[in-house]
2 protein chains.
Amino acid sequence: MSKIWFLEDVNVFGALCPHKTKRYRERNHFCQYGKQDYIYFEEDAATKVYLIEKGKVKLGYYAEDGKEVVRAILTKGELFGEKAILGEESRSEFAQSLDAQTMVCPVPVGQMQELMRSNRTFSLKVYKFLGMRFKKLERRLDLLLFKDATTRVKEFLDELADDFGYCCPNTGDTVIKHPYTQKDIASLIGTSRPTLNAIMNDLKAVNFLDFSRNEIRLKVA
Amino acid sequence: MSKIWFLEDVNVFGALCPHKTKRYRERNHFCQYGKQDYIYFEEDAATKVYLIEKGKVKLGYYAEDGKEVVRAILTKGELFGEKAILGEESRSEFAQSLDAQTMVCPVPVGQMQELMRSNRTFSLKVYKFLGMRFKKLERRLDLLLFKDATTRVKEFLDELADDFGYCCPNTGDTVIKHPYTQKDIASLIGTSRPTLNAIMNDLKAVNFLDFSRNEIRLKVA
DNA sequence: TTCCAAATGTAAGCTAGCTTACATTTAAAG
DNA sequence: CTTTAAATGTAAGCTAGCTTACATTTGGAA
């Protein structure tokens, strides 16, 4: 499902990206980041929205005890910093490059809003995009409220399959090449890292899936 | 904090409400609902945003096991159904009147979006409003992830104080007259009802607060 | 005024999942 | 090719908070 949205987003934001227009390119550039580089920090002024051209970006924040909390890890074609459109003034999270060669295209909020005003179709797509993010949050909250850790893992894997999965032509398994560590996943679904690991191995034991460092295979039933 | 927004919302949506214009009033009316009446159900087409003129509205949904889950209870001046603006097609929750005399002002999404296009200030306020709702969700999620039940109760009471509280001139206590039952609150903060009750009585025992059916007093320190 | 259904109060017993601690494996950097 | 920090695997012990069950109180309906 989110796959469908993802594609629509690409249409929208691909069309949007100002680097396609020559005049803009003269003034601005894609921004490049190395591994671990921060694109923005918590508390930074929220003046731009970013489209990922290449690489991986981690969004998260630091809890009072200093522990890093992961909100999401996004890749090529995905958008982040969108709360700036909704009047956020300072960032409530950091954005950090995970790859040695991450490229993002920054779009000033003002430009975004101007486009939304002048192009009804575009604005509706942005609304839908924001609505999706909203629902995703609500879904996470509901899972946290009512589902046990194993169920949350399975739901997370389903989402992951939408974003990164493809069907293995030989086995029919869904192969997911993803950028998450077990620590990240644990943080996202609200369990401890050891618990997540145990669950993953249980699911492997019952042949629900197989996994290695950066690949998960959901077995066909 | 949310109080400030609340007031701004009133400005915006007060100015917006089409019943102020005579022509509109001839065609549409405020909608009245009795106790327990549903304003919309889950799965209903999401074509309108609603402003509460009077009374109380409960938003929630039913879990698979049939248990009711409360998302929020809103009162005069507050807005709901706003996901319709963000391209939601069918409701993911129900809206139910809690008072014998609840009045709401429905605003079609199309009209809303037209206004947003034609009035930049208005659209920015709507964006900010949506951003607030977004942050509220994120805050709830973070609390659920990292805080124990007692902390969540206290945070909830702080929010409640913003929405319904006033300072008692004699004692200096913050008095909160609210529409929630303990069951509602438990559902909102993600605990069981017995646990919430125990916590409330513990907080009463340590003189942090006092409470009866529909009033909570946060004691001055 | 009485009655009833909903709301609130309370306790016992159980368990999912946390914390902590440590071992093992892996991949990236020099 | 070695080194090393990060990632992953595993287990023991503990506890917050759940479930269940029941008692008591309360406000509104009749």
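**Figure 1. Base contact of Arg193(B) with DNA strand C.** In the side chain of Arg193(B), an N or O atom is 3.0 Å from a base nitrogen of DNA strand C; a polar contact is here a pair of N or O atoms within 3.5 Å, and within protein one atom must be able to donate a hydrogen and the other to accept it, while residues adjacent in sequence count only if both atoms are side-chain atoms. The model is predicted: local features need pLDDT of at least 70, side-chain atom pairs count only at pLDDT 80 or more, and totals for chains, interfaces and linings use all residues. Residues are numbered from 1 along each chain as its sequence is written, chains are lettered from A and ligands numbered from 1 in the order in which they are written, and side-chain values use heavy atoms, with hydrogens and water left out.

**Figure 2. Protein surroundings of DNA strand C.** DNA strand C is surrounded by 16 residues, the closest being Ala149(A), Ser192(A), Thr195(A), Gln182(B) and Asn197(B). Of the atoms of DNA strand C that come within 4 Å of the protein, 65% belong to sugar and phosphate. A residue is near a strand if one of its heavy atoms lies within 4 Å of it. The side chain of Thr195(A) places an N or O atom 2.6 Å from a phosphate oxygen of DNA strand C, and that of Arg213(A) places one 3.3 Å from a sugar or linking oxygen. Helix H7 (193–205) of chain A and helix H7 (193–205) of chain B each supply at least two residues of the surface near DNA strand C, and H7(B) gives the largest share, 4 residues. Helices (H or I, at least four residues) and strands (E, at least two) are DSSP runs, numbered from the N terminus. By class, the surface near DNA strand C comprises 4 nonpolar, 8 polar and 4 charged residues; Ala, Val, Leu, Ile, Met, Phe, Trp, Tyr, Cys and Pro count as nonpolar, Asp, Glu, Lys and Arg as charged, and the others, Gly among them, as polar.

**Figure 3. Protein surroundings of DNA strand D.** Around DNA strand D there are 16 residues, of which Gln182(A), Asn197(A), Ala149(B), Ser192(B) and Thr195(B) are the closest. Sugar or phosphate contributes 65% of the atoms of DNA strand D within 4 Å of the protein, and bases contribute the rest. A base nitrogen of DNA strand D lies 3.1 Å from a polar side-chain atom of Arg193(A). Chain B reaches phosphate oxygens of DNA strand D through a polar backbone atom of Ala149(B), at 2.8 Å, and through an N or O atom in the side chain of Ser192(B), at 2.8 Å. H7 of chain A and H7 of chain B each supply at least two residues of the surface near DNA strand D, with the largest share, 4 residues, coming from H7(A). The residues of this surface divide into 4 nonpolar, 8 polar and 4 charged.

**Figure 4. Interface between chain A and chain B.** The contact (heavy atoms within 4.5 Å) takes 35 residues from chain A and 35 residues from chain B. About 3,500 Å² is buried between the two chains, and carbon and sulfur atoms give 63% of it; buried area is the accessible area (1.4 Å probe) that two parts lose on being put together, summed over both. There are 13 residue pairs in polar contact between chain A and chain B, both residues at pLDDT 80 or more. On the side of chain A that touches chain B, strand E5 (68–75), helix H3 (109–118) and helix H4 (120–146) of chain A each give two or more residues. H4(A) gives the most, with 17 residues. That side of chain A has 14 nonpolar, 7 polar and 14 charged residues.

**Figure 5. Salt bridges between the chains.** A salt bridge is a side-chain nitrogen of Lys or Arg within 4 Å of a carboxyl oxygen of Asp or Glu. One of the pairs is formed by the side chains of Glu88(B) and Lys135(A) (3.1 Å, N to O). In another salt bridge, the side chains of Glu138(B) and Lys83(A) meet at 3.0 Å, N to O. This pair joins two chains, because Glu138(B) lies in helix H4 (residues 120–146) of chain B and Lys83(A) in the loop between strand E6 (79–80) and strand E7 (94–97) of chain A.
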